Each structure stands twice: as C-alpha cells, then as structure tokens.
Amino acid sequence: MTLQFAGKKILIGALAFSLVAGSGIIIPSAISAAASGLTTPFKDVSSGHWAEKHIAKLALQGIIEGNTTTSGAFVFRPGENVSQQEAVLMALRFAGLDKKADQDAIIGFPSSFAVSKYFKAYVTLAFQEGLLDQAEEFELAAKDTKLAWGTKPAAREWVTKLLVRAIDKEAEAVRLQNTASAFSDAAQINSLYKGYVNAASKLELVKGVTTVKFEPKANVTRASLATMFSRAEKLFPVAYEGQVNGIVSGITDTSLTVFSSKKETTYSLDSGTLFYHYNTEKPITKEQLLEYGDVTVIAKDGKALYVEVQGDKQYTKTITGTLDRVIANEKKIYVWINDKPVEIFYNDSVAVVDIEGKALALSAIKRDSQISIVQDNFRDTPLALKIIASPQSSAANVKGTFYGTDGELLTVMDGSALVSKFMADTVTVEIDGMSGAMVGDLIKEADQVELTLNEDDQVTKIKVVNRNVKVIAGAQIASYVYDKKLLTVVDAEGGNAQALYFTDKTKIEYSGNVISLSSANNLLTANRKIMISYTGNSIVSLQFVTKYTGTLVSMNSAANLMTVRLESGAAVSLPYNTAYVEHPAIANAGLSDLKTGDLLTLELNSNQDRAATIKVHVNAQYEIISVDSINKMLRVKNAATAAFDLPVLSSELLSEAGAKLTIEQIAAGAIVNVSYIGKQAAVVKTVTATYGKVQSVSANSVTIVDLAGKTVVYNSSTGFVIIEGASQGTATSLLTAGDYVEVLKDGIKTQFTVAVGESRVFTSYNAASGQIWTEKVTDADNRNYFNVTSSTKYFSNGNAALITAFKAGDAITIFGFRNHAIAIVKQPNQ
C-alpha cells in the first residue's frame, strides 16, 4: 500500500510539464522562433512538422517545456518516447490539477512499483484524483519487473486510458467496453483498455498509426502525446493563463480585437504571432482569420502569440430598410423596416460605403435612401458593422439674409422673396471669429448667409459670409452697469473705450468652462483683463483671461515686452523677463530658445499683467513600439529620438478622422502625430501611412501609384515636407519618378519619405511568419529580416515576379520602412 505522511505544504509555482531528459529546462515566454523559419520555440520542431500546431499551443499554455542542449539549442525532441511518470504529470498539468501535489509528503510505494523521486507526489495525486487505478498499476508493475514503472515508455493503449480519465470520459469508455473495434489489430488491445480506445477513437482524440491499425503496444512519442492532449482540449476546456475564447470583432495589419465576457480587448500582432484553423494542422495566414467568428487567443503582455479559428460561423446578420434619420451625437440611426422604425446603433469603426464600395460620410446619405446594414449579433446591443447605400448626389446651396427660425424651419430673404428650408438633425454653423457657433448666434436681418442643403432639401450647414466680428485681446474692464447689462471696456493701452451690451446669446468663459452672466457678475470688476468679441454694440463672446495662445511676433528685451498674435488676428504684448519656459524637446529651456513664429501659450500671473509660464507648442511624429493600457503610456520612438514612454492619461486621443479613441484602440506599430503644449502631450492622433511609387512630379503636386495600383495625387496647398536620406526640404525636386515613398500627414503638411534601397543577399522566405531573411552584414547585424505582406511588390530583371523566383544567394535591393518591405528587386545577372 502507499505510505503517505503529511509534511509542511509549500505552494508550488507554475511548474509546467517537461517532456525532455537532461538539464537546462526553461519555459518559453513567447514563440519568437519565426526568425529561424520555425513555428514553435523548439529548434528541432521546424515549420511543416506534423505536430507543430499542437506543440506550439501546449508550449504557450505552459503544459510542455523544452531544454537547452550543450550546444545551446533549445529543443523538444518530438520523436523520443514518453515515460509513464512523465505522461502522468502532463495529464495532471493538462487537467489543472498539478498544483495540488504535495511535494513535501513522505511517500512509500511497493518495491515493485518504482517511480523517480520527483514524480512520486504526482503519481500519488493521479491515484487520488482517479486518473490512475492504484491496484491496477501496482499489479501491472509486479508482473513486469524488467523496467521500472515510472521510467517505462508509455504505450499507446495505456496513455489512451490515462487521457480518457483525465477528461472525465470514463463513463463513455465503460459504455463502449464491449463494442467491436474498427481497428484490424483490436485483438492486441488489452481488455483493460478496450473501452478507452473505443471512446478515444469516437471522440477523435486518437487515430490509428495507419487507417486500420492502432498498434496498442507501440510507444508514445513526445509529439504524439502533445497532439493527443491538444485535441482533448475541445472536450475538456481549462482556463490557461493568458488564453481567451471569444469572437473576432476587429482585425487590422497590426492588431486583433476580441469580444469576450461582454467586453472587447485588443491584442497586438506581429511576425511572431501564429495563426491556425481548427480543422487543419498547418498554419494559416492572418488574412484567413474569420472576422466576427469564434477564435482562441493565447496572449502575453497585450500581444497575441497564438490565434486559432474555432469555427466557420460569422455572428452577423444583414438587414435592409429605408433610412429615416441619423442621430450623430447618440451614434444611432433610425431605419424603416416593415413599416416600423428600428433603432440601430453604431460606433466610430463602422464602415459606410455606397454599392460600388466608395466611402461615404454617414451624414451624406439622404433620407429615405435604401440601405443595407451588416450588424453583429453577439453583443447585448448589436452594432452596425457596415452600412451600404446607393450613390448620393452632391448638395445644393441657397444664399440670402438671415430672417429667422422656429427651430425646424430656417428662413432667409433672397432679394425680395422669403425662402424657408427645413433644418437637418445636425446643422453646422460657421461665423468668422466665433468658435462653436450655433443657429442661435445668427443675427436677424443682418447676417448674409450661405446655406448648404442635402438631398432631402434640408439645411446641413450655415455659413455667415458678411458678419464683422471684432476682437479686443488684452482688453480691460472700465465699468459694468448690472441692470443695463452694459459693459465698458478699453483696449490694452487704456484707450479706445467701447460701450457694449450683453445679450442672451453672449458666450462667457472662465478657465475653459462656459458660465452664465449671473455667475460672471462678481468677476466683472474694474481693471480685470478679458478677451472680448463683439458685433455692432452686442457682445458675442467674453473670456476671462488666464492665458493667451498665439504666434510669437517679437521679443523686446529693452521694453521687456513679448508680442504674440492670437488666432483672431489680435496682438497682445506682455512683460516676460521672469517667465519660466517649458519646451517639450529642451530639458532646461530658456527665453533664448524662443523663435519668431513659434506657437506659444502664455500663462498669466495672478494679476494678469505678465507672462508667468511660456509653453512652446511642438508637433512630433512617432512610431508606437508598445501600448501600456493600464498605466496609460505609449512607448514611442522616431528617427531622431530613442524609445521613451509617453504618458497619455490627460491627452486627447483621436483617429485620423478626428474620432475620439481609447488607448486600447491604439496598436503597436501605428504612427501618431503628437501635439505638445510645453511638456504635455495635449493631442495624440493616429496617422495612416500610404505606400507607393512616385509616378510624376511637378512644382505643386506629386502623383504616386499606391501598392493597390490606385493613382493618388497630392497637391501642395498645405505644404510638403520631403525627406530623402539625410536631405530634407519642401521642394518636390527632391523626388524622382520611380522613387518608393511613404506618405504621411505631418500635422498639416504632407510628408514624403523616400525609401533608400538596401542591398542584401537573399537566404530564405517564411510564409507562415511573413518574413524574408538575408545574410548578416556583420556578426552584430540583428535586422537581417524584413516583414512582407500581400501588398509587397517583387521584381526580377525589371519585371514583376513572385517571391518564389528568389533563391538563396540572390543579390537583392529592399525598399521599405522600419523593416517592412514594400518592394524587393532582384539585381541583374542573377
């Protein structure tokens, strides 16, 4: 009998099962073996190995390990036999039971039942948990004295019973004990195992060595055992650390978003991510993932290491109807379906196109248009994923003098005739000198307006074309008559007095917040600095000044006056000699670091009479290395700046289109424009890069053909920035037809970066990882691999080619950015 004494119990850490012999055992934290053409972390399990999928998955789940040989190779030894004691530990680990083993227990087995010291606690636990029958195993060991029970190679029939018991399917084995086997060598199966072999075969956990032979006495190899337990996971799911089952709700080139447990999580993808499908043993590509389908992800630190498609069903439905209205601020639309209005919600990622695939703005779809909506059906409140509408024609315009509105109808005087138009649900109002203008800010019988109409003849935009809004920056309050709502102000020099009236439309701001006139009464005191805009004698807006933002015009050290020009065009001059200067790129910035033309924010002292802090506005562009969503940090770098952590807790995060983002929606590998105000990253905006080949260049435009074959023309209306190697300028002469370029929006300007061809010697291509490998230039060369996509272009002898045309030893030129190749050219005479 087994003698067990309770010793001091110690909690054992995540000790994964090792199917190896020898020392140097380590647990792989991630599969980074793509760099060597492998799809597992093990040197001896190469791409194409029949069990690569199962070995990779179990390695990432921590169920199996490898060891390091004396030569430094990390190996698994897939063809070696598994001992019975090793198989027991793997079964316990698979079932999530191994941590229950008491390693401090004093255990005694019969002399005929020999087990290595390390495995005794696990074998005892297997008896206790019913994975093994103690009496049965003792009897088998007593009959076979040639080999120790623990180190004896595990036979296929013995492992099959262990596996079936591990997944709690013994009842099925009992039921099938007397069922005839389909294998031709069934007579060789020990009666102890017959029902278990039948059950495992029915559950598709094991297969025959051939289509008709099971070979029950054959030894089980490491690769075979890994495959058996991997297949068993579909019947016995275990919550492994870092593993998530869910539905793919979004895919980009660098990220995968999964909906699970009623929330979405975004994982980064890179060349080391492995992709598989439930019904094949070979790797697939990212492009073969099923969007809105079932998926299993094994991840660590926000990166997807293993992704497996778990079904062929897409959790979507398509509905058709007639658009009624768009409620943009609530992100929903109403659609008439079967004569009933149906509420459909969407988010910023919804794709809106016409039937030809051309992108549309949702607001451009006219009322009563027939639309089709692809909607998910896995959320409690389904979201529209794609909206398809018929092509929409352009809008019309009406001009006239604003006459009035009742909230639904807007009326203008066109000559001597009154013209009334219904207003759309969302109406944009533009008034020079006034931000955030609304319909209520229009002045009756004074403003000349231009109305933009949609296809439903509704007003979507009102532009005031003649209003003269004047601005006094640095104004001072002279007096305020409360009952008359009369404010008298003077300019910054104390002259040019103006008597102005508050109206019910006047916008009043303090520290960035809108307040009422009654709340402002106590602040309207003599000599207080304000910024005021007015038309006629009516105050349009008033801001209590705590800071100014404008462009530096001059610094007069003798007079101690700094002059900045505000966005409104007004100029403000303030004393500055004691101000603290904050610059995002200069550690200890001073006044000498300020340059004419710099955009500055001047924060005032408590008396509002001098600049206390000067914050320099700077725009920078970075590549994101990693995303820390918990601590709200982006690790970024660019050509001029080493990698650093950028805090974004207080930053506004935006997509290129201006939609608000969460940090979870920003992926590693993305390009962002960062707008700094002093040291603070005020705005972080994602940027979409376009890659292509320059087709033609003129003084004012650049035409490229992108990787999809589409011709794109860029005009210089907002300015160009062109980077070619160490040269940088604004002249298009830096570009040449045939150049491969990356095109980005650098804030306002369009930036072209020319790919400098890099000469290399081709060695191999790994389709699974999407990488080509080249010879190292030096021993220290660690960037001798390049990521490729389906858009990468290949050329040989001046003609388009396939990657298969490249052979080891070929001299090639690679054009790309950040180790991502956009074109690879095989050099002549190869």
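In the hairpin of strands β42 and β43, four residues lie between the two strands, and G709 takes a positive phi near 90 degrees. This is a predicted model, in which local features need pLDDT of at least 70 and side-chain atom pairs count only at pLDDT 80 or more, whereas totals for chains, interfaces and linings use all residues. Residues are numbered from 1 along each chain as its sequence is written, and side-chain values use heavy atoms, with hydrogens and water left out. Helices (H or I, at least four residues) and strands (E, at least two) are DSSP runs, numbered from the N terminus, and two strands are said to pair if DSSP finds at least two bridges between them.

Strand β42 (residues 701–706) pairs with β43 in the antiparallel sense over five bridges, and I704 has V712 in β43 as its bridge partner. In a regular strand the side chains alternate between the two faces of the sheet. Strand β43 (residues 711–715) has a covered face, made up of V712 and Y714, and an uncovered face, made up of T711, V713 and N715.

Another hairpin is formed by β48 and β49, again with four residues between the strands, and here G770 in the turn has a positive phi of about 70 degrees. Strand β48 (residues 758–766) and β49 pair in the antiparallel sense over four bridges, with Q771 in β49 as the bridge partner of N766. On its pairing with strand β50 (residues 785–787), β49 is antiparallel too, over three bridges, and there Q771 stands opposite N787. Which residues of β49 cover its two sides? Q771 and W773 lie on one side and I772 and T774 on the other, and all of them are buried, where buried means under 20% relative accessible area, exposed over 50%, and partly exposed in between (1.4 Å probe, protein chains only).

Strands also close into a barrel in this model, five of them in the order β18-β19-β20-β22-β21, with mixed pairing. From one strand to the next, the twist averages 55 degrees.

Twelve of the twelve residues of α2 are buried, so the helix is largely enclosed by the rest of the structure. Among these buried residues are Q84, E86, R93 and F94. After α2 comes G96, whose phi is positive, near 75 degrees.

Two packed helices are described by the angle between their axes and the distance between the axes. Axes are lines fitted to C-alpha atoms, for helices over the stretch in contact, and angles run from 0 to 180 degrees between N-to-C directions. Helix α2 packs against helix α3 (residues 117–129) at an angle of about 60 degrees, with their axes 9 Å apart. The two helices are therefore oblique to each other; angles under 35 degrees count as roughly parallel, over 145 as roughly antiparallel, 65 to 115 as roughly perpendicular and the rest as oblique. Where they meet, Q85, E86, V88, L89 and L92 belong to α2, while Y118, F119, Y122, V123, L125 and A126 belong to α3.

For helix α5 (residues 156–166) and helix α8 (residues 222–232), the axes come within 11 Å and cross at roughly 25 degrees. That makes α5 roughly parallel to α8. The contact (heavy atoms within 4.5 Å) is made by V159, T160 and L163 of α5 and by L225, M228, F229 and A232 of α8.

Two single residues complete the tour. E172 is found in helix α6 (residues 170–175) and is buried, with a relative accessible area of 18%. Not counting residues up to four places away in sequence, E172 touches A199 and K202, and its C-alpha atom is separated by 7.9 Å from that of Y196, 24 residues apart along the chain. S268 lies in strand β9 (residues 263–268) and counts as buried at 18% relative accessibility. Leaving aside its neighbours within four places in sequence, S268 is in contact with T254, S255, T273, G302, K303, A304 and A668.
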